[in-house]
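Q: I am new to reading protein structures, and I would like a close look at one part of this one. Could you pick a sheet with a helix lying across it, walk me through that part slowly, and then show me what else there is to look at?

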Amino acid sequence: MSFRTYLLRRLLHIIPALLGLSILIFVLSRVVPGDPARLALGPDATQEQVEQLRREMGLDKPLVVQYLRYMGGLFRGDFGFSLRTRRNVAQDIKEFLPATVELTTVAMLFAIALGVPLGVLSAVRKDRPEDHISRILALIGVALPRFWLAILLQLLFAYYLGILPTIGRGPAPPVRLTGIYLLDSLLALDFRAFLIALKHLILPAFALSVGSLAQIMRLVRANMIEEMRRDYVLAARSYGLPERVVIYKYALKNAFSSALTVIGLSYGFLLGNAFLVETVFAWPGLAFYGVDSLLFKDLNAVVGVTIVIGVAFAVVNLLVDIAYGYLDPRIRYET
Amino acid sequence: MKRFTGLLLMLVGVLAFPWGAFSQAPVTFTYIEQQIITASDPAAAVDESSLIAAINLYDPLLYPNVEKGSMEPRPHVAESWTVSPDGKVYTFKLRRGIRFHSGRELTAEDVVFSMERALRMKKGFSWVWTPVLEPGRIKALDKYTVRFELKEAYAPFLGSLLLFFILDKDLVMRNIRPGPYGEFGDYGSAFLERADAGSGPYRMERFDRATEMVMTRFENYWRGWKPNQISRVSFKTVTEEATVKTLIKSGQADMVNQWLSVQGFQELKQVPGIVVKEDPSVQLFHLQMNTKKPPLDNVKVRQAISYAFDYDTAIQKIFLGATRARGPVPVRVPGWNPKVPVYTRNVATAKRLVAESGVPPERLSIEYAYVVTLPLERQIGLLLKANLEEIGFKVEIRGEPWARIVELATKPETTPHITAIFDTLKYPHVDSHTYGMYHPSCWGTFRCMSFYENPKVTQVLEAARRAVKPEEQMRLYQLAQELIVRDAPSIYVANPLHRIAFRDYVKGYRYVGLLGFDVAFYDFTIAR
């Protein structure tokens, strides 16, 4: 099987998954108790006003008709009207998605940049104090509720030390190209704006990354220990290759391939679960918008956000599969 | 030459002198809300954050008398008014020289346009006016005179105009897009997302729905400006309570909203430099009893429950301070009846009433519903359960999401026996907590989960709304309160305290009971 066929096949797999997701979330959002039109108009709206809004939103139509209409609109870029923000959900997603993508990407980078070296260190220094410390840190990282850690970080760095901002993304760069502040400021060669955006990102991204960081650290450690026992490592050492080369060039490459799957899954997971961190840091992201919409029974927004996160999840996993195939050439031909 | 050199030196001296130090430094202010601004269009505003935006960007026709600490309407855009003897025609004289942010003068045409827009859009508070007004009944008699012709006399009308904000007709009409309102397209709704069309003290500089609205002062505001008033406002949305507290404690926020928990405010009270202002609110916390559902269809059972409840514990231990509710109307609302009967805990009387009701003990089984996200309501439920078990009831406590409560409230069969409800005055009139809660026309909403029906009360309430003279209106509304409380459709628990926190250099804060009007940035001065 060629790489192109493999890629096409993987892309085709995504379609039924997304279709299933859209049906599931569409039905679920409509069977959850509570009349969205009544909620949107407030308790004092007359029954006539409520009925009018229900008609405008097509809620008086059978569920199948509603779904087909919604999907028809989706292909035209129309995600439907948000009851909460009173504009098209597509506009909301366009506004909120870059903030979450930026946050989760930086969080993921933190997790990889810290998790991999710490995992390697832990494996190389197995059963020594460094390993014990990293084990304890990993346990804490997995066990700590993110929102609690976020509040602690905020109190320490923003309130007591006053060296990092408490909330928000900071002022928007003068030019909005992608909505991702780090990228926009770099493209505009505005390094001051870049630094400001980075300062605003450090605390929320770190708070968000800790769980994944711990997971990656432990996984890399376990894989590295296994790899370090293999014959090729023994052979490399016996050839007199420097230990650094043995570890990072040979052992880590093999140990990292399975960690990549976890990284891909974590990224998708973070996209949808950044809610608590976004809430604490008043980060105007998609996860916060999605949960807020759910509480308000903003049907179109809930479905729109879920589909976007679903697509992002699928795309990230596809990229991981491709990268996995790159690291292990057997994968794309054997699938 | 010497004279020329002298003049030159003087000129250099004048130019080099730090005149800026003597001019008024810009005063910036950060206000934190925990709810997003859902509507920047004042005709769609109903929640606190949207109303605060409207109050600061737009001018309402009338304004609450904040100077006297009252919610009674006083002149504002309208400098005077007359009412016809039959109470159906209101004629307002507008103040001259009020400028919109566009620079155009506000006239009667703008008032007509704004009210017709609200009536056609059917959003926000339009439901208050739709029973008596429709497009065509508002007329501009001349540039500064406008007339409202009501279908019938309507007691809450004048007060409701505090919530009627005036928009710049020309600006809105120049910015309409295709939309659901026929020739009016979207009525400028999309435009009002990114700009304002008001004449208020502040103009919208920037609006990012989820995070911040930035307002800068409108230099030509008709009420003028004094030193130390706020020149720039950052109105931020931060939902997490811990973050809100950090922001005000560190001085990154100057004022934070009323939605912090009671414990949160208690914590802020201990912080030097922070003022926690407490006022009796115009909110009613009550436990609505479904009068259509046995055994609560029996008035003696409802009275027994009202006597069994431990009000003191609820107020002191659960609310940590509040005003005891005396009937459906919050005590600070003009028109509240001080002679209304008050139920106090008396277990013996409660037991006697249960016996007199004739309801067999095995049928004394009820369910209590509360909003699952409000722990206070759960605590009240536990207290109620303990109190009612003393007189032979079985109580089941059930938490429900707010959306579910609203849905349950639509029918008597689905409405729980007892539901805990916080109900704020919807418009500045006693009618809100009488007619709005106990006239059968409101059945089906969370405000009327008691499904109360008493032909005498219905008649009195309708007469009160139609009464022309304010004294007659008040007499009837007060009579209605007495009659309602005797029938015990609710356990009237508390008028909770309204709390807000700000830094001690913020002066001029006044709470009058109307949602949003206490956060009029124009009223504040900064004395750092």
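A: Let's start with one idea you will need: an axis here is a line fitted to C-alpha atoms, and the angle between two axes runs from 0 to 180 degrees, taken between N-to-C directions. Please also keep in mind that this is a predicted model.

Now find the sheet in chain B. Four strands make up this open sheet, and their order across it is E5-E6-E8-E7, with antiparallel pairing.

Let's zoom in on one pair. E5(B) is joined to strand E6 (residues 89–94) of chain B by five bridges, in the antiparallel sense. To see one of these pairings by residue, look for B:Ser80, whose bridge partner in E6(B) is B:Lys93.

Next comes the helix. Helix H3 (residues 108–121) of chain B lies across E6, E7 and strand E8 (145–149) of chain B.

Helix H7 (residues 241–249) of chain B is mostly covered, with seven of its nine residues buried. Among the buried ones are B:Val244, B:Leu247 and B:Ile248, and also B:Lys245 and B:Lys249. After H7(B) comes B:Gly251, which has a positive phi, near 80°. For a contrast, go to helix H10 (residues 311–318) of chain B and pick out B:Gln316. B:Gln316 has 12 other C-beta atoms within 10 Å, and because 12 or fewer counts as exposed, B:Gln316 is exposed. From B:Gln316 to B:Gly516 is 200 residues along the sequence, and 27 Å in space from C-alpha to C-alpha.

Finally, look across to chain A. Chain A has 15 helices and zero strands, and 43% of its 335 residues are buried. The two chains touch: 31 residues of chain A are in contact with 32 residues of chain B. On the chain A side, helix H7 (146–160) is one of the helices that supply at least two residues, and H7(A) gives the largest share, five residues. By class, that side of chain A has 14 nonpolar, ten polar and seven charged residues.

H7(A) also packs within its own chain. Its axis and that of helix H9 (residues 191–228) of chain A come within 9 Å and cross at roughly 145°, and the crossing is right-handed. The residues making this contact include A:Leu149, A:Leu153 and A:Phe157 from H7(A), and A:Leu203, A:Phe206 and A:Val210 from H9(A). Counted by class, this helix contact has ten nonpolar, two polar and one charged residues.

Technical notes. Residues are numbered from 1 along each chain as its sequence is written. Chains are lettered from A and ligands numbered from 1 in the order in which they are written. This is a predicted model: local features need pLDDT of at least 70, side-chain atom pairs count only at pLDDT 80 or more; totals for chains, interfaces and linings use all residues. A residue is buried if 20 or more other C-beta atoms lie within 10 Å of its own, exposed if 12 or fewer, and partly exposed in between; C-beta atoms are placed from the backbone. Two residues are in contact if their C-beta atoms, placed from the backbone, lie within 7 Å. Ala, Val, Leu, Ile, Met, Phe, Trp, Tyr, Cys and Pro count as nonpolar, Asp, Glu, Lys and Arg as charged, and the others, Gly among them, as polar. Two strands pair if DSSP finds at least two bridges between them. A crossing is left-handed if the near helix is turned anticlockwise from the far one by less than a right angle, and right-handed if clockwise.
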